[in-house]
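Dear colleague,

Please find below the structure that I am handing over to you.

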Amino acid sequence: MAHRATEAQADRGIGRLRRVQVARLPALLSDPWVLSVLMGAVVLVALLTPTAYLVVWSVTGTDIVGILDGGTLHWYATVLSSIDWWNAVLYSLLIAGCASALSLIIVTSVIYQSRQQGPLVQTLGTLAVVGPLLVPLLAYGLALRLTAGRVVPWEWALLLLGHTAIIMPVQYFVMEAGSELVHQHALENARMLGGRFWEIVFRVWLPQMTWPLSCAAAIGLLISFDEIVIATCVIDSSTVTVPKKLFDNIYAGSNPAPAVIAVLVTALSLGILSVLLLIRRRVHD
Amino acid sequence: MRRIVMMLCVSSVVAIAGCAAKPPSQPESLTVVSYGGGAYQESHIEALFQPYTQATGTKVNSVVWDANYGRLKAMVESGDVPWDVVEVTSAQYQRGIDEGIYERLLERPADASDFRPGTIGEYGVANVYWGTVLAFRKDAFRGVTPETWRDFWDVTRFPGPRALYDDPRGNLEFALLADGVPKTELYPLDVERAFRKLEEIKPHVRVWWSDGTQPVQLLKTGAVAMSSAWNGRLFAVRSELEDVGYVWDGAALELDWWVIPKGSGHVEASSRFIAFASSADRLARQAELIGYGPVNRRAVRLIDSHVLVHIPTTQTNWPRTFVVDASWWRDHEDEMKARWIAWKAQ
Amino acid sequence: MQWHRGMPLAPLLAVVAVFWLPVAAWLIKYGGWPSSLMHYAPARVFVNNFVFASLATCASMVIAFPLALSGWHLSRRSRTATAVLTGLVAWPLVVGLLARNYSWIALLQLAEGPAGYAGVQTGLIALVMPGLYTKTAVLVVLTYVFVPIAYICLLQGLMWIPAVQIESATLLGAGKWQLLRRILLPLSTRSAGLAALLIFFSAAGYFVTPAMIGGGKYDMLGNIVLSYVGLGDFRAASAVSVGLLIALVPLYFVAAWLIVLLRRRLIGG
């Protein structure tokens, strides 16, 4: 019932597939998968070269961007030995984790609930959640400082709220793009069998959404870890997040601190991923 | 269930009220905010904050900001002001007085007669003169070096890409100087003439820089041949600048002011700090570290001689510069900004 | 079917309180009405902003599509391969915006080499890399910034297509190109549309890349708002913000249509 429309479409499309496929090109190149893999490889290389360059820059950079020196771990030493940097990384991670989780809860409930409502409510819901993309971040940052600052006097709370709001639209779009992975049959059956609201959500709906959910959670984390505008508007003290610290350091000189932080954060994420994979393997065994 | 929720609400309200209450008036620490990190902040810490703590026992918490006036305004208007002393540009000083976001100072510097005229105000005390100078790559032009802004506009004798600050302030004056207007007759600015002159150089401006370290960066990597630059940044990297030179001719000087944002909890202690930071020996020490010109004339005499050539307020450098007229800009900066944005986009 | 009717309101109220209330209060307080918009941000800047955003959106979608297709193709064989590919593509996101822009500045600067002083590039490099502080460079880096997000959305869109359909199509004799054209592309339109909108919205308010790579010559609306806020002219800043908001609202309705109505047509639920 749910897939009727797409099955009909597929039937119609395939009905016209009686033509013989004449391969004039060499067999390999006529294969779209091979083509896409080739093109994808080129794109991947182009995408990763600037990022890989950061590793090079972090060990050979000088105070001027674009001038390379001999190899030196001096920049790593500066960053790793400074307690301020460790504080900043921890602070950023905490805020990022909480903001991403909060936003995920809000977005997931909006997506799940909106299916049951009429189109008007769904449209309004979408407008509410997509809002932060439509307004320049600086305006929101100042608004947060000015208005919310009276109600919520703590910096970390304002930061958390701001980051949650920013992450919401992106997670919403990512999850909506993949929300068809859920089989409506299963949901219908569960409801008919008398499943309660929370049971259906946690046992039927969420397990099918693991891929969009994890993508959305990861994206949320990354966005928050990388966010500078709200941090600049809201942070008054010297307890800063990583991007704000990088930004402040720009006034000192264009040293390779961003590259060092990039490499360290990459290592950190690889570490977290491996831990997660190990846990998953344990759970499955 | 409902009772538990009620109790939670009540206790959280009480907790919030307790946190929001102001601490007692005897300050244990002041928060002093200066521009960007690195050398500049360290110069403040060494020359001003640590001596102040030694002298009075009040700790000074050093925070940096990016001179974004809107942010300071939002902070004052929100009522929650954790900053006690802030360093602002003269444009922001004027604007802040008009918009009422600064506190009146409760204490004046002791040696007020040593100060240059117009550097002590009701709402703040000027800290340093900093200058926008003409910097250039020494090897860019065979034999000749640029000396005035007229040379900056001369693309036949001095070919090559240029860079200018992304703001009409300063650039309008440079354009007029290049067009032959004498320094004494700059203000009120002939805006039409300035924009006409700027139109000539626009195709040759490769970068409109917005961040103080960019000119150093651009000149060192050879992306541009000439650029306007803040002298303090050049001073900070002077040991690495063999191939970059700069001149004081026609440099635009502006003041930096120490102010107290309205709503700060420690107005008295902050005023005391400002008075302390404006004394001659403190300013001299700071100048040696960062190269900006102290407003206290006596301080200049205390500065080490090999640093003097980089200071704008010395006998030799001062006559070649001009001071940007803060009151003209106070009246016109909004419309100049809108016009600048439109002009750049053409 | 009885659902908790009140439930949808709770998250929405949270969103409204956290975002819409403060922003509306700020915009209204500083009274930035669009009638003065043209004074603060001339039409040319406005148009440029959206032209850049559209170009970046189209380019990043086109570039990310082969990647997404490879990812989908790999996922039919082994999920881990897709996960690894996704991890690689997402690596630039991990690295952070500032670092990504700096790496481009450094690369373009290096590519200019010793001739960089004269502002002219030599040799093969000039064919491949745009010069620093040019319009092309801004567009290239803007595209580069959004490719990973496009990839993730497109991959989701491809992966939701039930395996049953692909199998039945192949069994009925569909060639690979026909599979691509008749099944994959039409069914992933919704996610492609969503990806495009997400990127467009993000790019329309973007300011980091034009500031760092454009050398101040190709300012977008985000840069202008930043200029006015730095000056303290909140009225101008709010006028430009409101202008941007109003310009983006029609596109928002396209997004709503994609999310709400197109889904119903596609899967009827």
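**Salt bridges in the predicted model**

A network of salt bridges links Lys73(B), Arg95(B), Glu99(B), Arg169(B), Glu254(B), Glu333(B) and Asp334(B). Please note that the model is predicted. Over all chains, the count comes to 27 salt bridges.

One pair crosses between chains: Asp31(A), in the loop between helix H1 (4-15) and helix H2 (32-60) of chain A, reaches Lys176(C) in helix H9 (residues 176-187) of chain C. Their side chains form a salt bridge with an N to O distance of 2.9 Å. Asp31(A) is buried, at 15% relative accessible area, whereas Lys176(C) is partly exposed, at 38%.

Within chain B, the side chains of Asp98(B) and Arg330(B) meet in a salt bridge at 3.6 Å, N to O. Asp98(B) belongs to helix H4 (residues 90-99) and Arg330(B) to helix H14 (residues 326-345), so this pair ties together parts of chain B that are 232 residues apart in sequence. Asp98(B) counts as exposed, with a relative accessibility of 51%, while Arg330(B) is partly exposed at 34%.

The last pair joins Lys197(B) to Glu200(B), whose closest N and O atoms are 3.3 Å apart. Both residues lie in helix H7 (residues 191-201) of chain B; they are three residues apart and therefore separated by about one helical turn. Lys197(B) is buried, at 12% relative accessibility, and Glu200(B) is partly exposed, at 46%.

Yours sincerely

Key
Residues are numbered from 1 along each chain as its sequence is written. Chains are lettered from A and ligands numbered from 1 in the order in which they are written. This is a predicted model: local features need pLDDT of at least 70, side-chain atom pairs count only at pLDDT 80 or more; totals for chains, interfaces and linings use all residues. Side-chain values use heavy atoms; hydrogens and water are left out. A salt bridge is a side-chain nitrogen of Lys or Arg within 4 Å of a carboxyl oxygen of Asp or Glu. Helices (H or I, at least four residues) and strands (E, at least two) are DSSP runs, numbered from the N terminus. Buried means under 20% relative accessible area, exposed over 50%, partly exposed in between (1.4 Å probe, protein chains only).
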